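Thanks for sending this one over.

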Amino acid sequence: MKLYFLGTAGSKPTLERNPPCIALAFRKDVILFDCGEGSQRQMIKRIKQSKIKRIFITHFHGDHYLGLPGLIMTMSLNDRKDPLEIYGPEGTIEFLSNLFRSGYMEIGYELMIRELKEDTLEFEGYSIKSFPVDHGVPSLGFIFMEDDRRGAFNTEKAKEIGLEGKMFSLLEEEGELEVSGRIIKLGDVTGKGRHGVRITYSGDTRPVKFPSEAKGSDVLIHEATFLEDSERKETYHSTVKEACEAADAIGAVRLILTHINSRYAQSEIEAEAKRHFGNVAIAEDLMEVEI
Ligand SMILES: [Zn+2]
Ligand SMILES: [Zn+2]
């Protein structure tokens, strides 16, 4: 799977950075997290927007959703027929309905809009957990959880036990099976599997405690709007140091900082991040991360 950072700015676009938008290409689908203004032009450079199956909006500050109307319209102009799923926090249905009523917008495919709180949605091969964060308005973070993979069948062992034909698929479905009066568990005849990949995205937030599902995330994408300086004030955002502490708290393998504030030089952010977390990178627009 591959992550595409299509927009990495904090609040305002700059010459180098678009407002927030992250695409995850997993198998044949693309999942979008946030869709700031201009995201569809960024997509032209990296992904096929026709592959976008579902969009997760963290919250309804303009920088995170104003790219939606344009994208939805282009999809319609491109004769999209597949339904599009949009998920977001409390208020999503009302905000989007108002948005679609604000002009002569004709949408030629089905839109499925759903509001989330702390929920786990299961899809083919993965699930997405949403959880509330602390940003002054209804806001969510998301955890992408790839299904765990089982190990391959040990054919010799399976033969020894007497497994044959349809028994394999039955055992896979049920998890256990009676073979010649003996209960065989799937794990008895398969090798070591592997844990599915986990990616946690904080959205915009003050430091919060992440749900247990975020533990051991392969990647934590965390907003880092401020440095520990006098400009910090009391905001509903995180500093670079706080983002690093969040990565530590969940034992993330890798931290990618985003929502980058144009008032700081990249080198300042990098220096502060490196002081607090080893495996850290600052996201850049159009950056690709293979996982
Ligand atoms: Zn923002
Ligand atoms: Zn915000």
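Predicted model: local features only at pLDDT ≥ 70, side-chain atom pairs only at ≥ 80, totals over all residues.

1. **The site of ligand 2.** Which residues hold the zinc ion (ligand 2)? Its protein donors are His59 through NE2, His61 through ND1, His135 through NE2 and Asp204 through OD, at 2.1 to 2.5 Å. Along the chain these donors follow the spacing H-x1-H-x73-H-x68-D. As for the geometry, the 4 donor atoms subtend angles of 90 to 175°, so the arrangement is irregular. A tetrahedral label would need all angles to lie between 85 and 135 degrees, and for four such donors the ideal is 109.5 degrees.

2. His61 sits in the loop between β4 (52-56) and α2 (62-65), while His135 belongs to the loop between β8 (126-132) and β9 (140-146). These two residues are 74 residues apart, and the pair links distant parts of the chain. His135, with a value of 4%, is buried.

3. **The site of ligand 1.** The zinc ion (ligand 1) is coordinated by OD of Asp63, NE2 of His64, OD of Asp204 and NE2 of His259, at 2.1 to 2.2 Å. In sequence, the spacing of these donor residues reads D-H-x139-D-x54-H. Here the 4 donor atoms subtend angles of 86 to 166°, and the arrangement is therefore irregular. Asp63 and His64 are both buried.

4. **Domains.** The chain is divided into domain 1, made of 2-149 + 194-290, and domain 2, covering 155-188. Their C-alpha centres lie 43 Å apart.

5. **Lys2 and the end of the chain.** Lys2 lies in strand β1 (residues 2-7). It is partly exposed, because its relative accessible area is 23%. Although Lys2 and Ile291 are 289 residues apart along the chain, their C-alpha atoms are separated by 5.9 Å. Leaving aside neighbours within four places in sequence, Lys2 is in contact with Ala23, Leu24 and Ala25, and also with Glu288, Val289 and Glu290. With Glu288 there is a polar contact of 2.8 Å between the side chains.

6. **Aromatic pairs.** How many aromatic pairs does the structure hold? There are 14. One of them joins Phe60 and Phe95, a tilted pair with 5.1 Å centre to centre and 35° between the planes. Phe60 is in the loop between β4 and α2, and Phe95 is in helix α4 (residues 92-100), 35 residues apart. Phe60 counts as buried because its relative accessibility is 14%, whereas Phe95 is partly exposed at 41%. Another pair, Phe153 with Phe168, is edge-to-face, with 5.0 Å centre to centre and 85° between the planes. Phe153 lies in the loop between β9 and α5 (155-161), and Phe168 lies in helix α6 (residues 167-174), 15 residues apart. Phe153 is partly exposed, with a relative accessible area of 22%, and Phe168 is partly exposed, also with 22%.

7. **An aromatic cluster.** Phe26, Phe33, Phe56, Tyr87, Phe123, Tyr126, Phe142, Phe144 and Tyr201 form one aromatic cluster.

8. **Helix α3.** Helix α3 (residues 68-77) is mostly covered, with 7 of its 10 residues buried. The buried residues are Leu68, Pro69, Leu71, Ile72, Thr74, Met75 and Ser76. After α3 comes Asp79, which has a positive phi, near 65°.

How values were computed. Residues numbered from 1 in each chain as written. Chains lettered and ligands numbered in written order. Heavy atoms only, no water. Donors = N, O, S within 2.8 Å, 3.2 Å for Na, K, Ca; no water. Tetrahedral: all angles 85-135°; square planar, octahedral: opposite > 155°, others 65-115°. Helix = DSSP H or I, 4+ residues; strand = E, 2+ residues; numbered from the N terminus. Buried < 20%, exposed > 50% of the residue type's maximum accessible area, 1.4 Å probe, protein only. Domains from an automatic or database assignment. Contact = heavy atoms within 4.5 Å. Polar contact = N/O pair within 3.5 Å; in protein donor to acceptor, adjacent residues only side chain to side chain. Phe/Tyr/Trp six-rings, centres within 6.5 Å; stacked < 30°, edge-to-face > 60°.
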